[in-house]
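Subject: Structure handover

Hi,

Here is the structure for you to look at. My notes follow below it.

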Amino acid sequence: MALQLWSTLKEAIVVYTGLSPATFFTVLAILITLYYIVTSLFGSSDTPQRHETRDFDAQIEPLKPPVQIGEVTEEELKDYDGNNPDKPLLMAIKGQIYDVSQSRMFYGPGGPYALFAGKDASRALAKMSFEEKDLTGDISGLGPFELEALQDWEYKFMGKYVKVGTIKKTVPVTEPETTGEPSESTSNDADTSIPRENNDAAEASKHHEDAPSETPAVVKSDENVPSHVDADHKEE
C-alpha cells in the first residue's frame, strides 16, 4: 500500500511540476529553510523594538498641571529652562509666560529650540534668529513682517499652552552725571553765605558801639570827686 502511494506521488510530482521527485524535494527543503531564516530575522528585530517602546513609555512621566507663578523677573525666569526636573518648562513671548512642558522635545535640554526656554525670546522668534543678542523681549526696531511673524507665534502659544505668569518690568534708575565743575546751586549758596557773614559781623560791631561801656562811668565818678571837695572847702 505504501509503495503504491509513493508511486502515485512520484507520478503526480512529475505530471504537475515537471520535476523529478528528487529535484522537487530539494526545492521544497530550500524553501522551508528560507522561511525559517526570514521569520527568525524579523522575529528577533521585532521583539526588542517592542521592549524598547514599552521602556520608553514607562520612562515618560505624566505631565504635572500648570502652576501659576505670577509676576517674576527675567532673572527668576531662567530657573525654568528645563534643567531642573522639579520645575516646569517655561517660555515667554511679549512679557507673557507660558508653560511649554508638553513640548519638552522641542524646548527642553537638547531640543532644537532649547535656547528659548527660560527666556522672553520675542525678538528671536520674530526674526527667526538663534543669536544670543536676540534672546530678549525688546522688540523695538522690528519691521512689519517681523512683527507679523511674532504675532503668529503669540497666537500659536495662546492656543496651545497655558499662560502661567508675566515678566516684571524693571525701571532703570538714572543717576545725575557728575562733572568737575561746581553746580549752580552750590555756587549760589557760597555767594549768599559771604554777604550773610558780612552782615553778621556788621550787626555785631553796631551792637558793640551802641552798648554803654563801663569805663566812661568810672571816669565820670572821678570827675565828681573834686566838686565835693570844693563844696566842703566853701563851707569851711
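Let me begin with Glu131, which is partly exposed because its relative accessible area is 42%. The cut-offs are these: buried means under 20% relative accessible area, exposed means over 50%, and partly exposed lies in between (1.4 Å probe, protein chains only).

Before you read on, note that this is a predicted model: local features need pLDDT of at least 70, side-chain atom pairs count only at pLDDT 80 or more, and totals for chains, interfaces and linings use all residues. Residues are numbered from 1 along each chain as its sequence is written, and side-chain values use heavy atoms, with hydrogens and water left out.

Salt bridges

Glu131 forms a salt bridge with Lys133, at 3.6 Å from N to O. The term covers a side-chain nitrogen of Lys or Arg within 4 Å of a carboxyl oxygen of Asp or Glu. Lys133 is exposed, at 64% relative accessibility. By this rule there are 5 salt bridges.

Another one joins Asp134 to Arg123, with the closest N and O atoms 3.9 Å apart. Asp134 sits in the loop between α5 (122-127) and α6 (144-160) and Arg123 in helix α5, so the pair ties together parts 11 residues apart in sequence. Helices (H or I, at least four residues) and strands (E, at least two) are DSSP runs, numbered from the N terminus. Asp134 is buried at 4% relative accessibility. Arg123 is buried too, at 16%. A network of salt bridges links Arg123, Lys127 and Asp134.

Lys78 pairs with Glu75 in a salt bridge, the closest N and O atoms being 3.4 Å apart. Lys78 is partly exposed at 43% relative accessibility. Glu75 is exposed at 55%.

Ser103

Ser103 lies in the loop between β3 (96-99) and α4 (104-107). Its relative accessibility is 4%, so Ser103 counts as buried. Which residues does Ser103 contact, leaving aside its neighbours within four places in sequence? They are Gly108, Lys160 and Tyr161. Contact means heavy atoms within 4.5 Å.

Whole protein

The protein has 8 helices and 4 strands. From the N terminus on, the order is α-α-β-α-β-β-α-α-α-β-α-α. Of the 236 residues, 19% are buried. Among contacts with a separation of 6 or more, 54% come from residues 24 or more positions apart. The accessible surface is about 18,300 Å², and carbon and sulfur atoms hold 58% of that. Areas come from the Shrake-Rupley method with a 1.4 Å probe; for residues, only the protein chains shown count as cover.

Best wishes
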